[in-house]
Amino acid sequence: MSPSAGFPWPAALARICAAPRGLRPRDKQALLAPAAAVPAVQAASRKDRPALPPLDEMDLEEQFVKGHGPGGQATNKTSNCVVLKHVPSGIVVKCHQTRSVDQNRKLARKILQEKVDIFYNRENSLVYKEKQEAERKKQERKKRAKETLEKKKLLKELWESSKNVH
């Protein structure tokens with residue numbers, strides 16, 4: 001079975017993976033080799049759940065652009081912001097969370113992996129289910145807080161009414 005057999009796009013799509021500048025030719029070959037595909041990664045460092053589906057490095061376009069935001073000259077003059085595009089789905093992730101290009105590359109791949117999982121699996125994806133569970137817990141906490149506040153108000157009214165009776 002071909003790697004793209006389960007996906008809705010044609011198998012003859014052009015696949016591009018731009019290697020970062022400054023690498024030696026053998027390093028670029030190692031980076032672009034099919035064996036260098038990213039293994040299934042545990043999302044959010046959780047070991048008690050199944051792994052996200054792996055990304056094929058041949059389906060990715062990677063660019064390094066200048067950063068933005070606070071940090072002054074160190075941020076605005078260095079190209080350590082990673083723009084990662086998943087070609088088959090068209091999803092683009094831009095990561096500039098650290099000053100390290102390597103860390104930004106890893107973070108961008110993790111974020112892209114979660115977004116691709118949501119794109120293809122929708123409500124069956126692990127990330128979507130986690131977000132729904134977190135939202136449900138948040139609503140429960142809000143409901144409990146509201147009930148507690150109402151009980152306190154009722155208790156205060158009873159206390160006030162008992163003071164007025166004596």
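Buried means under 20% relative accessible area, exposed over 50% and partly exposed in between, with a 1.4 Å probe and protein chains only. The model is predicted, so that local features need pLDDT of at least 70 and side-chain atom pairs count only at pLDDT 80 or more, while totals for chains, interfaces and linings use all residues. Residues are numbered from 1 along each chain as its sequence is written, and side-chain values use heavy atoms, with hydrogens and water left out.

**View 1. The protein chain has 4 helices and 3 strands.** From the N terminus on, the elements follow the order α-β-α-β-β-α-α, where helices (H or I, at least four residues) and strands (E, at least two) are DSSP runs numbered from the N terminus. Of the 166 residues in the protein chain, 22% count as buried.

**View 2. Val65 belongs to strand β1 (residues 60-65).** With a relative accessible area of 25%, Val65 is partly exposed. Leaving aside neighbours within four places in sequence, Val65 is in contact (heavy atoms within 4.5 Å) with Thr78, Ser79, Asn80, Cys81, Val83 and Lys94. Val65 and Thr78 lie 13 residues apart in sequence, and their C-alpha atoms are 8.0 Å apart in space.

**View 3. Lys137 is found in helix α4 (residues 126-165).** Lys137 counts as partly exposed, at 42% relative accessibility.
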